[in-house]
Amino acid sequence: MNTSSKISIELVSKYFGRGGDQVRALASIELNVRQNEFITLVGASGCGKSTLLRILGGLETIDEGAVRVDGQAIEGPGVDRAMVFQHYSLYPWLTVRQNIQFSRRLKTNRRDLSSSAVEVASGRADALLRLMGLTHVADAFPNQLSGGMQQRVAIARALQGKPSILLMDEPFGALDAQTREVMHDLILHVHALEKSTIVFVTHDVEEAIYLGHRVVLMAPRPGRIDTIYDVPLPAVRDPEMKLAPEFNALKRQILARIRETSGMKTDLEMLEQLTRTEA
Ligand SMILES: Nc1ncnc2c1ncn2[C@@H]1O[C@H](COP(=O)(O)OP(=O)(O)OP(=O)(O)O)[C@@H](O)[C@H]1O
Ligand SMILES: [Mg+2]
């Protein structure tokens with residue numbers, strides 16, 4: 001076990017199904033994530049990115065190996081780890097402020113909470129509303145907001161319980177390109193401010209490089225780690241960096257490797273062969 005790791009993933013395997021239909025969703029995954037590190041996970045569809053994230057979130061069990069946070073084995077979900085998904089999953093009947101303030105934990109334990117604890121929670125909710133630029137819509141309902149705003153509410157809600165780990169599964173996948181760029185700088189700001197450790201899944205290689213300290217490339221059948229890339233950019237990111245030659249070189253390298261490992265190349269070749277025969 002690596003004692004300096006915030007998260008240590010030790011030879012983790014995960015299977016779905018039985019017999020001939022069994023899928024090896026993850027095969028001997030090994031990864032150590034440092035405290036305050038920003039890890040981005042990329043890879044072809046079906047390579048196990050979401051499964052790995054759900055395991056870290058305690059929403060999925062493992063068949064082999066061990067996963068530890070601060071040296072402790074994960075046993076189900078915990079307030080130290082918050083998840084944000086592509087679909088905002090807000091409570092439609094609660095306002096923005098209520099969505100942020102009444103996290104599941106506060107909701108279930110509300111009767112036992114002292115008034116000072118409620119005050120602390122609402123103070124934090126106000127601070128998060130400001131941080132996310134949502135103060136003016138605090139009393140609106142989710143269906144009155146744009147997709148980008150809804151996702152900011154979802155992130156604020158995830159941060160409400162002061163999690164030390166943020167697990168994000170394609171959180172900006174449903175947003176348009178401009179909104180996504182704004183969200184990138186926002187999440188980097190949150191990362192610096194909250195000193196969180198972030199594991200972030202994306203299909204967007206540019207996003208993975210811009211946000212990550214390291215980009216972890218996974219490959220399918222079986223789901224495994226193929227390559228880990230160190231991102232050669234300064235710690236404080238700036239959108240201008242996307243124009244740098246080393247940024248584009250890394251982007252090309254990762255895209256080529258995803259194509260090689262996805263099996264898509266062979267599919268494309270087959271398609272070409274088919275069309276050639278038909279012509
Ligand atoms: N609950 C489940 N039951 C059976 N098979 C599953 C289940 N969840 C995932 N799988 C399988 O495990 C593999 C990994 O799936 P996973 O959703 O983790 O991939 P992913 O990398 O997140 O893909 P995508 O990029 O499309 O979101 C796939 O083959 C998938 O079909
Ligand atoms: Mg997925």
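Predicted model: local features only at pLDDT ≥ 70, side-chain atom pairs only at ≥ 80, totals over all residues.

Author: Domain 1 consists of 1–80 + 164–246, and domain 2 of 91–162.

Reader: What makes up the contact between domain 1 and domain 2?

Author: Ten residues of domain 1 and seven residues of domain 2 take part in the contact. On the side of domain 1 that touches domain 2, the largest share is four residues, and these come from helix H6 (residues 177–194). By class, that side of domain 1 has eight nonpolar residues, one polar and one charged.

Reader: How do you know that the span of H6 agrees with its number of residues?

Author: Set the two values side by side. With 18 residues at 1.5 Å a residue, H6 should span 26 Å, and its end C-alpha atoms are 25 Å apart, so the two agree. Just after H6 comes Lys195, with a positive phi of about 55°.

Reader: What makes H5 largely enclosed by the rest of the structure?

Author: The count of buried residues does. A residue is buried if 20 or more other C-beta atoms lie within 10 Å of its own. Eleven of the 14 residues of H5 are buried, so the helix is largely enclosed by the rest of the structure. Among them are Gln150, Arg152, Val153, Ile155 and Leu159.

Reader: How do you know that the span of H5 agrees with expectation?

Author: The reasoning is the one used for the other helix. H5 covers residues 147–160, and at 1.5 Å a residue its 14 residues should span 20 Å; the end C-alpha atoms are 20 Å apart, so the two agree. H5 is followed by Lys162, which has a positive phi near 50°.

Reader: Why is Ala127 called partly exposed?

Author: Partly exposed is the class between the buried cut-off of 20 or more neighbours and the exposed cut-off of 12 or fewer. Ala127 has 13 other C-beta atoms within 10 Å, so this residue is partly exposed. Ala127 sits in helix H4 (residues 115–131).

Reader: Then why is Leu11 called exposed?

Author: Leu11 has 12 C-beta neighbours inside 10 Å, and 12 or fewer is the cut-off, so Leu11 counts as exposed. Leu11 belongs to strand E1 (residues 5–16), and has a positive phi of about 45° although it is not a glycine.

Reader: Which class does Asn36 fall into, exposed, partly exposed or buried?

Author: Asn36 has 15 other C-beta atoms within 10 Å, so Asn36 is partly exposed. Asn36 is placed in the loop between E2 and strand E3 (38–43). Its phi is positive too, near 70°, and Asn36 is a residue other than glycine.

Reader: How do you know that the peptide bond from Arg221 to Pro222 is cis?

Author: Look at omega: for the bond from Arg221 to Pro222 it is near -5°, and the bond is cis. Pro222 lies in the loop between strand E9 (214–219) and strand E10 (224–230). Arg221 is found in the loop between E9 and E10, and counts as partly exposed with 16 C-beta neighbours inside 10 Å.

Reader: Which residues are around ligand 1?

Author: Including Phe16, Val23, Cys47, Lys49 and Gly223, they form its shell. H1 gives the most, three residues. By class, the shell has four nonpolar, seven polar and one charged residues.

How values were computed. Residues numbered from 1 in each chain as written. Chains lettered and ligands numbered in written order. Helix = DSSP H or I, 4+ residues; strand = E, 2+ residues; numbered from the N terminus. Expected span 1.5 Å × (residues − 1). Domains from an automatic or database assignment. Contact = placed C-beta atoms within 7 Å. Nonpolar A, V, L, I, M, F, W, Y, C, P; charged D, E, K, R; others polar. Near = placed C-beta within 6 Å.
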